[in-house]
Amino acid sequence: MRLPRLAALLLGTSLLASPALAQTAGKAKYGSWGVDLTTIDRSVKPGDDFFGYALGSWLRDAPFPADKARIGYNYDLPDETEVEIRKLIEDAGTSPSDPVLRQVATYYRAYLDEAGIEARGTAPLQPYLARIDAVQDRRGLELLMADTGYASPIGIGISADPKDPTRYTVMAGQSGLGLPSRDYYLLPGQKYETIRKAYRAYIVKIQQLAGIPDAEAKADAILALETSLAKDHWTPEARRDPQKTYNPMTRAQLAKLAPEFDWNAVLAHQGLAKMPIVVVAETTAVTAAAKRLGDVPLATWKDWLRFRFVSDHADTLPKAFDAASFDFYSRTLRDVQQPSDRWKRGVRQVNGALGEALGKIYAERHWGPAAEALSKELVEDLRAAYAEKIRGAAWMDAPTRKEALAKLAAFEPRIGHPDKYIDYAAMPVSATNPLANDLAAGEFEWKLELSRLGKPVDRTLWGMTPQTVNAYYDPVMNQVTFPAAQLQPPFFDPAADPAVNYGETGATIGHEMGHGFDDEGRQFDATGKLRDWWTAQSAARYTAHAQELVKQFDAYEPIPGTHIKGQLTLGENLADLGGLEVAYAAYRRYVARHGEPQVLDGMTGDQRFFLAYAASWQGKAREGALRAQLLSDPHSPEQYRVNGIVRNMDAWYAAFGVKPGDKLYLAPEARVHVW
C-alpha cells in the first residue's frame with residue numbers, strides 16, 4: 001500500500017497514451033498544465049531540498065485546520081469524497097423502498113443522534129459489561145475475548161493461505177495493546193513518559209465515566225499488563241517477514257506453543273472447530289500472551305476487558321466518553337486540536353459497516369466505462385515498461401528473470417469497483433443504539449468470513465470500497481486494486497500535461513506493481529504462493545542494493561532523536577523508487593513516440609515529470625502524528641518519499657543540474673537503482 005495516500009494516482013495516467021485527449025479535454029485543474037506553481041519556493045535550490053523547492057511556499061503558509069493531524073493533497077481528496085458520500089447517505093434516507101438503503105440511513109442517523117445517545121447514558125453499555133462481570137474462570141475469559149467487540153491478547157482471523165492461495169486458513173497472532181505500538185510502552189525519555197502518564201490518566205477517566213470503582217489502582221494494573229504484553233510483541237520490522245510469520249500448527253502443536261490458552265474451546269466458540277491447522281504469526285508473542293493469561297489475576301484481566309470495551313466504543317457513547325477518547329488518542333498522541341464534525345465521523349462509520357452498499361451507488365454516479373478503459377490501458381503500459389526493465393536488469397539471472405516475467409504476466413489489476421457487491425440484508429441495524437450497530441457490523445463481517453471456509457478463495461472480493469481514496473497490492477492474490485475514488489484531480493486529470501500524469505499517476509501505478517517485487521512481495525510467486533523462486537545469486541544481489549537503501553533512510557531524522565526505520569520502510573521505499581524508475585522509462589518511451597515536449601513555464605518535460613512527482617506528495621503532519629508514523633508505519637514521511645527517492649535517479653540530476661556540493665547529491669556509485 002502506498003500510504004498515506006497509497007496508490008492514489010494509479011488510474012489516470014492511462015490518458016497519456018493519447019496526446020490529442022490532453023489537447024481537447026480543457027484546462028487542467030491545477031495551473032495551466034497540471035501542477036500548481038504557486039507552491040514552489042524558488043529560494044530553495046532543487047539539489048538541496050527538492051521537496052522544499054516544489055512545495056516550500058505551501059509548506060510555509062498552509063495552516064492546519066484544528067481537526068487535522070495531516071494536510072495536503074493526500075488528505076484533501078478524502079474530505080471531498082466524504083461530502084459526496086454524505087449526500088449519498090442522506091439521499092438513501094429518502095428511499096424507504098430499498099431495505100439496504102434503509103439500513104444505511106438508519107445506521108447513520110443513529111450515530112448522529114447525539115441527543116438520544118446522551119439521554120440513554122450508559123444503559124446500552126451495561127449488558128456488555130455484565131458479560132464481563134459474569135466471567136468466573138480463565139476459560140470463560142478466553143471465550144468472551146473470542147467474541148466480537150471484546151479485546152484479546154491473541155487475535156484470530158481468516159485469510160487466504162499464503163502457501164496455498166486457493167484456500168482459506170485460520171491465522172493467529174499478537175494483539176491487545178491500547179497504545180499504537182510497543183514503542184510507546186518501552187522507549188525511554190520524557191516524551192514517552194509523558195504519553196504513558198497521559199494514558200494512565202485516560203484509563204482512570206474511562207473507568208470513572210463508566211462507573212467502575214477503584215479506577216486508580218485498576219489503571220496501574222492495566223498499564224502494567226499492557227506493558228508486559230508490549231515487551232514480548234514483535235517489532236514492526238520483524239512482522240514484515242512473511243516466512244517467519246508463517247507457522248502452521250496442529251492442535252497438539254498449538255497446545256505446546258501456548259498451553260494456557262484453550263485453543264479447542266476458543267476455536268469451537270468462533271465456529272472454527274473443523275479447521276485442523278492454525279497459522280501462527282508472532283509465535284513467541286503468542287506464547288508470552290498465553291502465559292499472561294495464566295499468571296495475571298483473573299480480576300485484572302476483567303478490569304482490562306472493561307476498560308478496553310468502553311474505550312474501543314467510546315464514540316458510540318455519551319459525549320464525555322467520546323471527548324475523553326479524543327483528548328488522548330487525537331490531542332495527546334497526534335496533536336489534533338478538535339474533533340472532526342460528527343457527520344464526517346458518521347460517514348466513516350457507515351463506510352466501515354456498509355461500505356459496499358454505498359460503493360455500488362458511488363460507482364454508478366462517479367465511474368464509467370471510458371475511465372475504466374483508459375485506466376486499464378495505462379496499467380498495461382506500465383506492465384510493458386516493467387517487462388522491459390526486468391529483461392534488462394543486470395543483477396537478475398535468467399531463471400529468476402523467467403519467474404519474474406511470469407509473475408508480471410499473471411498480475412491482475414482490479415479497477416473502479418467490484419463485479420459483485422456484499423449483501424448486507426442479514427445485518428441488523430438499530431435506530432437507537434449505535435453501540436449495538438457497531439458490534440452488529442463486526443459480527444456480520446465475521447459470519448461472512450466463516451461462510452467462505454471450505455470453499456475456494458473468492459478472488460473477486462475487494463479489501464477497499466469504490467469510494468476509498470486509496471489502493472493496495474495483495475501479494476497472496478497477486479492483485480492490485482484501484483478504487484474509483486482515485487480518478488479525480490489532483491491525482492487524475494485528463495487535461496494535464498503528459499509529463500505530469502506520468503510523474504504522478506504513472507509513478508503510483510509503478511509503485512503498486514512494484515510491491516510484487518519489493519523485499520516482502522518478491523517472496524510470493526506468480527500464483528501468490530509464498531515460495532522462494534529466486535536463485536541465491538539474484539537474491540544476494542537484490543538484498544545488497546536494498547540494504548544500501550536501508551542505510552540511506554536510517555540516516556534521516558524527521559524529529560530530533562527519532563529516525564526513519566530503514567528496514568521497516570524498505571518495502572515502500574523500494575516501491576517508490578522502482579515505481580518512479582519505471583514511470584520515467586514509460587514517459588521517455590512516450591517522448592520517443594511523440595517527440596520531445598516543448599518547454600512550459602520555463603520547465604522541460606523531464607523537469608515537469610519530477611516536479612509533478614514531488615507535488616503528488618504535498619503534505620505535512622503534526623509532530624504527534626509524525627512520531628506515530630516513524631515508530632510503526634512502513635511508509636516514510638512525504639518529504640523523504642520525494643528527496644530520498646529522486647536523489648537516487650540519474651535523470652533527476654540531469655533535469656535540474658544537480659552537482660557535487662548540493663545537499664542531496666549522491667555520487668553515481670552510491671545511488672541505488674531497483675531496476
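Me: A contact here means heavy atoms within 4.5 Å. Among contacts in the protein chain between residues at least 6 apart in sequence, what share joins residues at least 24 apart?
Reply: The model is a predicted one. The contacts counted are those in the protein chain between residues at least 6 apart in sequence. Of these, the part that joins residues at least 24 apart is 76%.

Me: How many helices and strands does the secondary structure of the protein chain come to?
Reply: Helices and strands are both present in the protein chain. The count is 27 helices and nine strands.

Me: What radius of gyration does the protein chain have, and what would a compact globule have?
Reply: The C-alpha trace spans about 75 × 60 × 50 Å along its principal axes. For 675 residues, a compact globule would have a radius of gyration near 26 Å. The protein chain agrees with that, because its own value is 25 Å.

Me: What percentage of the residues in the protein chain is buried?
Reply: A residue counts as buried when its relative accessible area is under 20%. The protein chain has 675 residues, and the buried part of them is 58%.

Me: How far apart do the centres of the positive and negative side chains lie?
Reply: The protein chain has 78 positive side chains and 85 negative ones.

Me: Is leucine 267 buried or exposed?
Reply: Leucine 267 lies in helix H13, which covers residues 263-269. Leaving aside residues up to four places away in sequence, leucine 267 touches Ile156, Val170, Arg251, Leu272, Ala273 and Val278. Its relative accessible area is 0%, and the cut-off for burial is under 20%, so leucine 267 is buried.

Me: How far apart in space are leucine 267 and serine 538?
Reply: In sequence, leucine 267 and serine 538 are 271 residues apart. In space, taken from C-alpha to C-alpha, the distance between them is 42 Å.

Me: What is the phi of asparagine 478, and is this residue buried or exposed?
Reply: Most residues other than glycine have a negative phi. Asparagine 478, in the loop between strand S7 (472-474) and strand S8 (479-483), is not a glycine, yet its phi is positive, at about 50°. Its relative accessible area is 2%, so asparagine 478 is buried.

Me: Where is aspartate 601 found?
Reply: Aspartate 601 is a residue other than glycine with a positive phi, near 50°. The elements on either side of it are helix H23 (570-594) and helix H24 (605-616), and aspartate 601 is found in the loop between them.

Notes
Residues are numbered from 1 along each chain as its sequence is written. This is a predicted model: local features need pLDDT of at least 70, side-chain atom pairs count only at pLDDT 80 or more; totals for chains, interfaces and linings use all residues. Side-chain values use heavy atoms; hydrogens and water are left out. Helices (H or I, at least four residues) and strands (E, at least two) are DSSP runs, numbered from the N terminus. Buried means under 20% relative accessible area, exposed over 50%, partly exposed in between (1.4 Å probe, protein chains only). The radius of gyration is taken over C-alpha atoms; the globule rule is 2.2 Å times the number of residues to the power 0.38. Lys and Arg count as positive and Asp and Glu as negative; His and the chain ends are not counted. The place of a charge is taken as NZ of Lys, CZ of Arg, CG of Asp or CD of Glu.
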